[in-house]
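Here is a short tour for anyone who likes to set up a model with its geometry in mind. Have a look at the sequence and the structure first, and then read on.

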Amino acid sequence: MASFFPAAMENLIDGFASLPGIGRKSAQRLAFHVLSLPQEEADRFANAVLEAKKSVHTCPVCQNLTDGELCPVCASDSRDKTTICVVSEPRDVLSIERSREYHGVYHVLHGALSPMNRVGPDDLRERLERVAQGGVEEVILATNPDTEGDATAMYLSRLLKPFGIRITRLGFGVPVGSNLEYADDATMLKALEGRR
Ligand code: ZN
């Protein structure tokens, strides 16, 4: 199919179309929008992508995203390192932090047990080796209250059982099948208090 657009424009459209949830039509709309931006704004946008990609990496302790050596939570002296809250995605950390109720540290799995996304038990085991190093008293399993999240929590609790630590499941109060990301602050507070 012959292209209607200059090659650079096609590249830009391809770039947007490669993003999750963006179809060809939306990609075209976004590309036109970018072209209509003042040069300075377009530069800022492009640089934001480059900068984020260059400077953001995962925290070597909890695997959350950071641009420092450690993430702010792991680097903080005031956080309780004996309690680890296990979440699926970095955005879940944000949801829990917003409640201001949690003072422990995190562990970000970057996925849940998911045959579709090819995340198997071995991937998760590797990601939770930190617990085996000792000093941990409680692990809160805060994966989403959906099928994959529940399966992940079940699997992890079995994996963690031999370590003799307190294992609790967050999700009480968060509607079943929903996403932690969309839980409001009050719900998250209740979920934290009601963990079992
Ligand atoms: Zn960290």
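## The zinc site and the salt bridges

Cys71 and Cys74 are both buried, where buried means under 20% relative accessible area, exposed means over 50% and partly exposed lies in between (1.4 Å probe, protein chains only). Please keep in mind that this is a predicted model, in which local features need pLDDT of at least 70 and side-chain atom pairs count only at pLDDT 80 or more, while totals for chains, interfaces and linings use all residues. Residues are numbered from 1 along each chain as its sequence is written, and side-chain values use heavy atoms, with hydrogens and water left out.

Which residues hold the zinc ion? Cys59, Cys62, Cys71 and Cys74 coordinate the zinc ion through their SG atoms, at 2.3 to 2.4 Å. Donors here are N, O and S atoms within 2.8 Å of the metal (3.2 Å for Na, K and Ca). Along the chain, the donors are spaced as C-x2-C-x8-C-x2-C. The angles among the 4 donor atoms run from 101 to 118°, and the site is tetrahedral (four donors with all angles between 85 and 135 degrees). For reference, the ideal angle for four tetrahedral donors is 109.5 degrees.

Around this site, the protein chain has 8 helices and 6 strands; these are DSSP runs, with helices (H or I) of at least four residues and strands (E) of at least two, numbered from the N terminus. Of its 196 residues, 37% count as buried.

The structure also holds 7 salt bridges, each defined as a side-chain nitrogen of Lys or Arg within 4 Å of a carboxyl oxygen of Asp or Glu.

| Pair | Closest N and O atoms |
|---|---|
| Asp14 and Arg24 | 3.0 Å |
| Arg79 and Glu97 | 2.9 Å |
| Arg166 and Glu138 | 3.2 Å |

Asp14 and Arg24 form a salt bridge. Asp14 sits in helix H1 (residues 7–17) and Arg24 in helix H2 (residues 24–36), so this pair ties together parts that are 10 residues apart in sequence. Asp14 is partly exposed at 39% relative accessibility, and Arg24 is partly exposed at 42%. Glu10 joins Asp14 and Arg24 in a network of salt bridges.

In the pair of Arg166 and Glu138, the partners lie in strand S6 (residues 166–169) and strand S5 (residues 138–141), respectively, 28 residues apart. Arg166 is partly exposed at 47% relative accessibility, whereas Glu138 is buried at 7%.

Notes
Tetrahedral: all angles 85-135°; square planar, octahedral: opposite > 155°, others 65-115°.
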